[in-house]
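The sequence and structure come first.

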Amino acid sequence: MTADARMLGWLTRALQHEFSALQQYLAQATLARLSGDEALAEQLRAEALEELAHAERLMQRLIELGVAPSAGALAPARLGRGVPDFATLNRQLEQTAVVLYQDAADHARRVRDGASEALLRELAADEARHLGQWSAGGAPH
């Protein structure tokens, strides 16, 4: 299969988002730990590991398409004013991911890239679940 250039762009953008999310969750975990909230720090580290697993799946797809993965520049971690702002910031992060993955999956469908579409729809569902958990006022897990 010849890789669609725009599909490669979507996958690379998704990879960049996952690494940015990983960075944000790890930075927040550190801040939570420093403020004495070890339970929240553990939850945020678990979130970071899930984002890392997403990144690994995206890298695999890029390699399958014959492209060396490169996330490029990452968005800065958003810490807000500390722990009370985490839920708001992470809802925004997850909402961005849901829209990104839905748009990317729609493109994959248009170019008949079923493997990329399936991956992106799975990731969108994972992120939508996280969005719902952050919207409920707590951390996922």
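Just after helix H2, glycine 66 adopts a positive phi of about 85°. The model is predicted, so local features need pLDDT of at least 70 and side-chain atom pairs count only at pLDDT 80 or more, while totals for chains, interfaces and linings use all residues. Residues are numbered from 1 along each chain as its sequence is written, and side-chain values use heavy atoms, with hydrogens and water left out. Helices are DSSP runs of H or I with at least four residues, numbered from the N terminus.

**Backbone after the helices**

Glycine 36 follows H1 and also has a positive phi, near 95°. Arginine 112 has a positive phi of about 60° although it is not a glycine. Most residues other than glycine have a negative phi. Arginine 112 is in the loop between H3 and H4, and its relative accessible area of 74% makes it exposed (exposed is over 50%, buried under 20% and partly exposed in between, with a 1.4 Å probe and protein chains only).

H1 has 30 residues, which should span 44 Å at 1.5 Å a residue, and its end C-alpha atoms are 44 Å apart, in agreement. H2 (residues 38-64) has 27 residues and reaches 39 Å from its first C-alpha to its last, close to the 39 Å expected. The expected span is 1.5 Å times one less than the number of residues.

The buried residues of H2 include the leucines Leu40, Leu44, Leu58 and Leu62. Charged side chains are also on that list, among them Glu47, Glu50, Glu51 and Arg61. The buried residues of H2 pack against H1, H3 and helix H4 (114-135).

Leucine 22 lies in H1 and counts as buried at 15% relative accessibility. Leaving aside neighbours within four places in sequence, leucine 22 is in contact (heavy atoms within 4.5 Å) with Ala48, Glu51 and Leu52. The C-alpha atoms of leucine 22 and arginine 45 are separated by 8.8 Å, and the two residues are 23 apart along the chain.

**Helix packing**

Axes are lines fitted to C-alpha atoms, for helices over the stretch in contact, and angles run from 0 to 180 degrees between N-to-C directions. Angles under 35 degrees count as roughly parallel, over 145 as roughly antiparallel, 65 to 115 as roughly perpendicular and the rest as oblique.

| Pair | Angle | Axis separation |
|---|---|---|
| H1 and H3 | roughly 165° | within 10 Å |
| H2 and H3 | about 15° | 14 Å |
| H3 and H4 | about 160° | 8 Å |

H3 is roughly antiparallel to H4. By class, the contact of H3 with H4 has 14 nonpolar, six polar and seven charged residues. Here Ala, Val, Leu, Ile, Met, Phe, Trp, Tyr, Cys and Pro count as nonpolar, Asp, Glu, Lys and Arg as charged, and the others, Gly among them, as polar.

H2 and H3 are roughly parallel to each other. Leu40, Leu44, Glu47, Glu51 and Leu58 in H2 meet Phe86, Asn90, Glu94 and Tyr101 in H3. By class, that contact has five nonpolar, one polar and three charged residues.

H1 passes H3 in a left-handed crossing, meaning that the near helix is turned anticlockwise from the far one by less than a right angle. The contact of H1 with H3 has 15 nonpolar, six polar and five charged residues.

Notes:
Helix = DSSP H or I, 4+ residues; strand = E, 2+ residues; numbered from the N terminus.
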